[in-house]
Every structure is written in structure tokens, then in C-alpha cells.
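Here is a report on selected local features of one structure.

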Amino acid sequence: MKQLYKHHLFQRHLFVSDADSSRTDQFETMYTLANLFSIQITEGADLLSPEMIRLASGELGENVPVPFYPGFPASVRELTSDQLFFDQLLHYASTYGLGDFSSGKKSIFDPGVKRPESQEPGSLRKFTVIPEANAVKRLHSIVSNLLAGTRPLSEEQFELTVNFLRDYNITMKRIASKDTAVRLTLALRTTEYVSFLSMPDVIRMVDWLNCSEYENRNMKKLNLRNQDRKFIISVMDELFRLGKMELRSCFEKKKLWNGLLHHIHYHAKTPEAQAFVDAMRGKDNRSVYSDFEARMARGHIREAADILLKEKGSGALLRNLDYLVSRCRSDEDMEYILNLTDSKNVILLCQLLIRYSLEPGHPRTFRFVKHNRLWVHPESKWEQEHRRSALSAEQTSILREKVLSNLKAVLANRLGKVYIDPDMVRYALPLQESASQGGFGVLTRGTRLPIPEGNTIRGFTYWEKVDDIDLSAFGITEDGRQIEFSWRTMASKQSKAITYSGDVTNGYDGGSEYFDVNLKVFREQFPEVRYIIFCDNVFTRLPFSRCICRAGYMLRRKPDSGEIFEPKTVESAFRIDCDSTFAYLFGIDLTKREFIWLNMARNGSETVAGETGLYFLTDYFRTTEAINLHTFFEMMAAEITDCPEDAEVIVTDKPLMTKKGQTLIREYDFDRIIALMNQ
């Protein structure tokens, strides 16, 4: 079985056995997994093989490069600010000054230490070993659940899906996301999944093709190869054959259609195709949104809402809810709009519930994901002063109650008797994870985990195939001020509160950087800081997708003893492979002593973390206040039980044995949760 599949199942605490069953080294393998990685095999120990040690090593980290200060963290705190500054100055003069990146360079003041064997036990991880046939069935279920989701897939999820469909020659009968159907059609170069699309999606397809294959994000400047033009034409012809034209929606991208038809030299083969071409090249614009905006401009709010609902569906109405409600001139208008908002779109209802439950920051920051990257636009002063769609507190409250009522009605009685672990209130729903990276221990954005007293957070990143990746940390105050802890500020800030391992700039063959944060001491030294946010950026301007990079964090009880990188203490390690130079990793809430998942690739080519605003990220820190896995399953349960043995469905983040007929849903079972949201 491909390593890709084994890596993905490892994240779900599963090993896959494709080895000879007559092996006799299972005990040695089991001992090594426990000793190096705190992995306990609960089932299938007779199927173990040494290959699983190599897999765990790749996922959790082993033989990670030594950082710039080999004696980190204790030795770093013993150096003066002048020594720290001179160390880095000499290093930069050699690398960026003289262009010498040929060999790994370390501190001239820190010779390193002979480290004792680590005594830290780490968190116990329970794994199961399954045969390859069972793994294929599990993967089929995972892929089917992912394709049932209406939201775009992350790069890791899409890579898993497209490889599985290709390798096992499987055709799926349901693809709920237009974005996913578009990407599969392009990746597999087949019209097999065109039936899940309509003519407006051709523009989406060309946009993806233009970005992924040509690294061009300007649809107005196409330069497609002849083979790509022919493929787009074949997709269009198939859509005409299927009668999936949706002409009114195509008018919304009329100018882009004009350019595309000219670029691919499209010649209509049927009367329907000719009518479409004539409409796109004509002067009329009969799009739904043109009609909608015309009625909004005249103050005909009810007519505008009716058109949107009839022509575009409830999803479009909900996406324009703020716009509609802010223009209501009477209570009757408001009541009319509210009566149109019933929807079965669970994901959109959950997003709106968060939107109306949490007061946005001022000024607002607009965020959206395109091409699996987060795009950020802070509201300008002019935009804030001329804001026209602001809602009153009363309107927001009314909308929240309406959305919550709709959501409860849609989810009611989807499941039978359910046991929900109380700790599931900490976990967020996977509503829009396409900009996220995958790996062991990765959880949904906004998830909060308690940090045990006495532990030091050790954030890390390590890499190959690029010279300089920077790990940075930023303190965020309640009023949004940023305090930077990075390669360019740490010479004067190294302390027992926060310690940095030094800036490696010649890590092509392997480099690593770390931050240790002692939460108790940090709060004493920086009492004004509420949050810490960790970021990764490629200083040498190469996208993460073109190098090898991992990041994550450890919980260290004895940070000054043992190895710098101790796999047993790794709580999460994930691959950063986004097609950008900047990624948000995770945050820490110092007041509540909680770890908060972010894990997002940001659009753009930022190479210095301190040049971007970060306060908008704190909006994600509050999502579980509006809805979380506990409240989600609570809405679906026909009956809730306090006893796992009595439940048909068990939702927990703890190791738990189930009996026949019970369904166990873990915090990392994103595909099952996605399937439930899209039933």
C-alpha cells in the first residue's frame, strides 16, 4: 500500500500491515514503538513490522537537525544580549553577506552539551494494526464521506481522494462540492465527473487550472496550452449534451466568458451551444444578481429576496442576509425576510450561528479562502465610515435565534441514543478547513485544549530543501497590540519566559528552530499579553510546497534535560505544504491556559511575519463559544445518555473500547463529522 495512505491512517491511530505474517520480530517492534514514541498497540500486535517504526519516525520526528544553539534552551539563557547579537550578525555576514550556504553553521559561543537520555514519558498513544484489506475499506469510507461534503477539500484531503480514485479505479456516485468535482475533473483529465457540474463551473475550472498549472491568478490574461484548451472544450460540449447550461448564472461572469470563448477558439456544434455563445457575446446581461441589485436599489426588499431564493436557492439568500436585513424599512419587511430563511444547509447555518453569536472586531477583517489559501482584507477607515450593511444588536440577536432554531430543526433526531464526552465542548466543527495542513494530532481550527500545569510549550519547525524558514511568536494584547518574538527581536528578549533556539539560514540539508514558552513566567513578565500566536514563513521566498517542512508543538515537563526534539512529547506534527510562503500555526490563551488550533495557509508572498496584522485571528479563538462538537451532537441526538455502554453513538476524545453495533466518533474523525453535516 502507498505510503500516502499509511500516513493518513496513522493520523487516525492506525497502522497498516502488508508484511509477511510469519515474522517473529513483533515484540521488538512493539517495544521500540513504546520506548521511542509512547505508542501502545491495543489490537493487531501480531501484524506489527519494523516498517511501522519508520512510519512513526517520519510522522512524529526522529533525527531532527540540531538548531543554531545546540545547547538550547539552557545555554541560550546564559548568553548575554551582546553575545546573542554578535552570534547572529556573524552568521548573517557569512550566509547572506558572503553567500556561503554550503554547510550548517552554529553558535560560536555555545558549544553544546552532552545530553542525558530523556526521562519524560510523553503522552500515551493507543494504536491499532489492521490488514491492508481493512485499510482499503476504511479509506473508501473516508473518501466517500469527504466527497459528501459541500465545502472544498484541503490539499491533503484532495491528494488522498484523487490518488485513491485513480489507484483503485473507483467511480464515486456522489460529489457534493462543485469545487471538488472541478479539481477531480482536472486532475484525472476525464469528463466522468462533469455530471456534477454545470456550465458556470467551467469558469471555476479554468481559474483552478490557470492557478495550479500556470501559477497565474488573473483570468483575464489566459495563455493555456493547446491540450488544455481542447479539454475545456470537451467539458463544455459534455455539459451542452447533458443540458446543464444555467444561462442566467453564466451572465454573472459574462466578461470572463467572452475572453475564454475567444481564447479557446470555441465553435458551437449544436443550436443550444450557438445560443449560449451568442448570449455571452451579446449586449444583454440577464443575470440573477443584476435583477436582484436593481430591486434592492429601488427599495423593493421583498421582491429582491424572492428572486434570490427562487433563482439561486436558500444558500444565496443566507449569504446575503446581512445585506437584506440592513435594508429592511419595517418590522414587516424583517419578518418577511426571516420567513424565507429556512434552510437545510447545515454548514452555512453553523457559520451564520458563529457570525451572529460573536461580536466582530472593530474595524472588521474580511476573510475568505480561495485556491486553499486564506485571503485577508482589513476594513479601511473609509470603508468603516461608509459601512452600509451594519446590523443593530437587536437585529443580530433576532437572526441568531432564527438561525439556531433552523439548525435545531434540521439536525433533530438524526441519531439515536448518544453519549457525548463533556470535554467535546473544546472541539470546533470542521466548517471550512481547505486552507489547513494535515498531519498527526491536527485538529479543527478554533479547537481549545488545556495545557497541564508545569508544562512548557515547545513550538518547533524543521525543514529541508530550502535555506531559511523562520518560526516566530507574537504576543497579542486585549486591544490588539503586537509584541514580536522572532529572529530579529530575540537578542534582547531571551529569558526564562520565552527562549528562542536561534535563526538558521543555511538549512538546505536540514534546519530547525524552536520556541520555549513557560506560561507562568511569561504571564509575570508580560502581563499585558493575552494571546501568543505562532507563525511559519519562508524567508528565502520559496513556497512551502517546494520544500520539506514540518511544524508542531511539544509539552515538555523538563525542558532543560534530554533531547531538544523528543518524539514522545510531540502532541502534534504536521506537514506544511501550502503553495505560499506564510502559515499560521497555533495560538495560546494565557488567561485560560489553553492551546488553540489555527493551522492556515495565508495567501501572498510575505516572508517576514512581523509585517502582517494578527489580531483578526482572535476571532477564531471564540468559535467554540457559539457551537462545538458537544452542542452539534446534542442537537442530533434523539436521546442523550451518561453511560457509554448504553449508547448507539459514542463521541469522545479518550481511548474507549466499543461493542458490536456501536459507532465511535473521535475528535479527529473529520470525514464522519463532515458526512453528518451533509446528510
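Phe86 counts as partly exposed, because its relative accessibility is 41% (buried means under 20% relative accessible area, exposed over 50%, partly exposed in between, with a 1.4 Å probe and protein chains only). Phe86 lies in helix H5, residues 81-97 (helices, H or I, are DSSP runs of at least four residues and strands, E, of at least two, numbered from the N terminus).

The model is predicted: local features need pLDDT of at least 70, side-chain atom pairs count only at pLDDT 80 or more, and totals for chains, interfaces and linings use all residues. Residues are numbered from 1 along each chain as its sequence is written, and side-chain values use heavy atoms, without hydrogens and water.

Phe86 also belongs to a nonpolar surface patch with Leu90, Ile108 and Phe109. Together they have about 350 Å² of accessible area (Shrake-Rupley method, 1.4 Å probe, only the protein chains shown counting as cover for residues). Patch residues have over 30% relative accessible area and no salt bridge; like charges are joined within 9 Å, nonpolar side chains (Val, Leu, Ile, Met, Phe, Trp, Tyr) within 5 Å. A salt bridge is a side-chain nitrogen of Lys or Arg within 4 Å of a carboxyl oxygen of Asp or Glu.

**Cysteines**

The structure holds 0 disulfides (a disulfide is a pair of cysteine sulfur atoms within 2.5 Å). Cys578 is in none; its nearest cysteine sulfur, that of Cys549, is 8.8 Å away. Cys578 is buried, at 3% relative accessible area. Cys643 is partly exposed, at 27%.

**Strands**

An open sheet of 6 strands runs in the order E7-E16-E15-E9-E13-E12, with antiparallel pairing (two strands pair if DSSP finds at least two bridges between them). E7 (439-440) and E12 (498-500) stand at the edges; each has a single partner strand, so one side of each lacks a neighbour in the sheet. In E13, Asp516 is the bridge partner of Thr499.

Strand E18 (residues 594-601) is mostly covered, with 8 of its 8 residues buried. Glu594, Ile596, Leu598 and Met600 are buried on one side, and Phe595, Trp597, Asn599 and Ala601 on the other. E17 and E18 form a hairpin with 4 residues between them. Arg593 in the turn has a positive phi of about 55°. Ile588 has Phe595 of E18 as its bridge partner, and Pro450 stands opposite Glu594 in E18.

These pairs are antiparallel:

| Strand | Partner | Bridges |
|---|---|---|
| E12 | E13 (residues 511-517) | 3 bridges |
| E8 (residues 448-450) | E18 | 3 bridges |
| E17 (residues 582-589) | E18 | 6 bridges |
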